[in-house]
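Take a walk through this fold, from the whole chain down to single side chains.

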Amino acid sequence: MHISIFELAGQKSILTGSLAGRKVLSDLIAGIHPVAEAEIVYLDFAGIDVATSSFLRECVVGFRDFARNGATNLYPVIANASAAVTEELEFFAKQRADVFWSCKCDAEGNLSNISLVG
């Protein structure tokens with residue numbers, strides 16, 4: 001499953017604040033359909049120049065918590081994050097002793113630069 005954060009955020013390239021993060025999280029969860037098999041969910045940050053820690057906390061961590069605690073078989077991965085978004089996510093993750101999967105994903109679904117952030 002591939003979900004564009006840029007589209008969910010109203011095509012904004014700068015994502016700030018916990019309120020905006022909660023709104024995107026709400027829209028993200030509303031668009032998820034239950035799956036029986038385990039499935040990776042690529043949270044695609046293509047088009048996003050900057051995302052603050054508060055946005056990432058509410059959106060990305062919120063979605064990961066939803067996926068872990070719910071009756072879903074979903075595994076979120078951050079895809080196509082800019083250097084600034086990755087840096088903010090890494091800073092946030094290190095403060096929490098946390099880690100996130102990250103990668104680059106092209107239009108054909110080919111993966112590269114697979115790594116852990118945090």
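The text below goes from overall architecture to charge pairs and then to one glycine.

This is a predicted model, in which local features need pLDDT of at least 70 and side-chain atom pairs count only at pLDDT 80 or more, while totals for chains, interfaces and linings use all residues. Residues are numbered from 1 along each chain as its sequence is written, and side-chain values use heavy atoms, with hydrogens and water left out.

Start with the secondary structure. The protein chain holds 4 helices and 7 strands. Both are DSSP runs numbered from the N terminus: helices are H or I with at least four residues, strands are E with at least two. Read from the N terminus, the order is β-α-β-α-β-β-α-β-α-β-β.

Now the overall dimensions. The C-alpha trace spans about 35 × 30 × 30 Å along its principal axes. The radius of gyration of the protein chain is 13 Å, which agrees with the value near 13 Å for a compact globule of 118 residues. That radius is taken over C-alpha atoms, and the globule rule is 2.2 Å times the number of residues to the power 0.38.

A contact means heavy atoms within 4.5 Å.

Next, the surface. Of the 118 residues, 38% count as buried. Buried means under 20% relative accessible area, exposed means over 50%, and partly exposed lies in between (1.4 Å probe, protein chains only). The accessible surface comes to about 6,300 Å², and 55% of that belongs to carbon and sulfur atoms. These areas come from the Shrake-Rupley method with a 1.4 Å probe; for residues, only the protein chains shown count as cover.

Charges come next. The protein chain has 9 positive and 14 negative side chains, and the centres of the two sets lie 9 Å apart. Lys and Arg count as positive, Asp and Glu as negative; His and the chain ends are not counted. Each charge is placed at NZ of Lys, CZ of Arg, CG of Asp or CD of Glu.

Side chains of opposite charge can pair when their charged atoms come close. The count here is 6 salt bridges. A salt bridge is a side-chain nitrogen of Lys or Arg within 4 Å of a carboxyl oxygen of Asp or Glu.

Lys23 is partly exposed at 48% relative accessibility. Asp27 is partly exposed too, at 26%.

Which residues does Asp98 pair with? One partner is Arg64, at 2.6 Å from N to O. Asp98 sits in the loop between helix H4 (83–95) and strand S6 (100–105), and Arg64 in helix H3 (residues 53–69), so the pair ties together parts that are 34 residues apart in sequence. Both ends are buried: Asp98 at 15%, Arg64 at 8%. Asp98 also forms a salt bridge with Arg96, with the closest N and O atoms 3.6 Å apart. Arg96 is partly exposed, at 41%.

A network of salt bridges links Arg22, Arg57 and Glu58.

Finish at Gly47. This residue lies in the loop between strand S3 (39–44) and strand S4 (50–51). Gly47 is partly exposed, at 44% relative accessibility. Leaving aside residues up to four places away in sequence, Gly47 touches Phe6 and Ser13. Ala9 is 38 residues from Gly47 in sequence and 11 Å away in space, C-alpha to C-alpha.
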